[in-house]
Amino acid sequence: RTRLLSPSSALASANMQILGLADKLATQSGNPESAADMTTRALRVGYAWLSTQDQRYAKAITGDLVAVTSRHRPLPYLVDEAKVAQAAATDADWLAPGADATLARTLRTAREVLLVRSLGEMSCAIALKDDVLTSTLNKGVIVSAAAATVALGIARDNPAAAAAIVAASVRIGAANWTSLAADGGTPEGPTYWNFQTVPLAGMLSSMDSVYAGKSLAGVPDFRPAGSYAFQAPAGAGGGTHYSDTDTGQLRCTLP
C-alpha cells in the first residue's frame, strides 16, 4: 500500500489490471465452483482487499469463506480439499486484522471447520504417510504445502500446535520437493509446475512471514519456470504440445 502511494508507471498499470479483474471476480463470490475458482478469487480479490482496504473486496472473500466452510463434508479428493482449505485459510488470515464482532464470529467458525474437516484430514494423511503424500508427484507437494499454510493461517491462538503441524508437513513434503528443479520444473509437465508452485510458494512466503529469519535456507527461485509460458507459443495464443499441456492454453497463473 505504501508503494502504491507513489507508484512507478509499471506498478500503476499492473495494479489497475489486477483491480479490474478483482472487480469482476468479486461479483461472483459466495459460490466457488471448484478449487481453482476459489484459489483464483483468493489471489486476485485478496490482493485488492490488502492493497485498498475497500470493504467490497472484504465482503467478497468473506462470501467465499462462508460458502466453503458451510459445506457439510470434505471434498472427495484430498488434493482438492487441500487447495480449497489453503485458499480459505488465506482469506481468513487476511480478513482477521480489524475484524468487527460479526466478522470475528464468522472467522472463528471458519477456523474451527478448517481445523477439523480440512487440517484434520491432511494431518491424518501425513501421520499415515498416505500414498498421495509419498508418491513424489505434484499431489504430495500440494497437500503438504497446504497443510503447513492452513496451520499457520488458522492456529494463531495455538502457535505450538501450528509449529508441530508445519514441522510434520515439511518433513514429509521434503521428499516431494527434492523432485523439483531449482526453477520449479518437474518431469510431470508445465501444467503440474503451476499446480504445485502456487501452494508451495504460498507456504514458503507464509513461513517467512511467521518465522522471520528462521525460514528454509536455499529457497528455490521459481521465476525461470514462469518463462516457459513465453518460450513455447504455438500461434493464436496456444501452447506447444509438451506432456500435459496438449495444444490448449497454458494456465494464466503459470508466468
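I began with Arg56 and Tyr57: in this predicted model, the charged end of Arg56 sits over the Tyr57 ring, 4.8 Å from its centre. I then looked for aromatic pairs and found zero in the structure.

Tyr57 came up again when I turned to the largest nonpolar core. I noted 58 residues in that core, and Tyr57 is among those with the most contacts inside it, along with Leu95, Leu119, Met122, Leu200 and Met203. Next I checked which elements give two or more residues to it: α1 (9-26), α2 (35-52), α3 (55-69), α4 (78-95), α5 (101-128), α7 (138-154), α8 (159-177) and α9 (190-210). The most comes from α7, with 11 residues.

So I took a look at α7 itself. I found 16 of its 17 residues buried, so this helix is largely enclosed by the rest of the structure. I also checked its length: at 1.5 Å a residue, 17 residues should span 24 Å, and the end C-alpha atoms are 24 Å apart, which agrees.

Back to Met122 from the core list. Skipping neighbours within four places in sequence, I have Met122 in contact with Leu78, Ala82, Ala85, Val143, Ala146, Ala147 and Val150.

Last entry: Thr62. I located Thr62 in helix α3. Is Thr62 buried or exposed? I get 16% relative accessibility, and because the cut-off for buried is under 20%, Thr62 counts as buried. Leaving out residues up to four places away in sequence, I see Thr62 touching Leu95, Leu103 and Thr106. I had already met Leu95 as one of the core residues with the most contacts.

Technical notes: Residues numbered from 1 in each chain as written. Predicted model: local features only at pLDDT ≥ 70, side-chain atom pairs only at ≥ 80, totals over all residues. Heavy atoms only, no water. Core = buried A, V, L, I, M, F, W, Y, C linked by side-chain atoms within 4.5 Å. Buried < 20%, exposed > 50% of the residue type's maximum accessible area, 1.4 Å probe, protein only. Helix = DSSP H or I, 4+ residues; strand = E, 2+ residues; numbered from the N terminus. Contact = heavy atoms within 4.5 Å. Phe/Tyr/Trp six-rings, centres within 6.5 Å; stacked < 30°, edge-to-face > 60°. Lys NZ or Arg CZ within 6 Å of the ring centre and 35° of its normal. Expected span 1.5 Å × (residues − 1).
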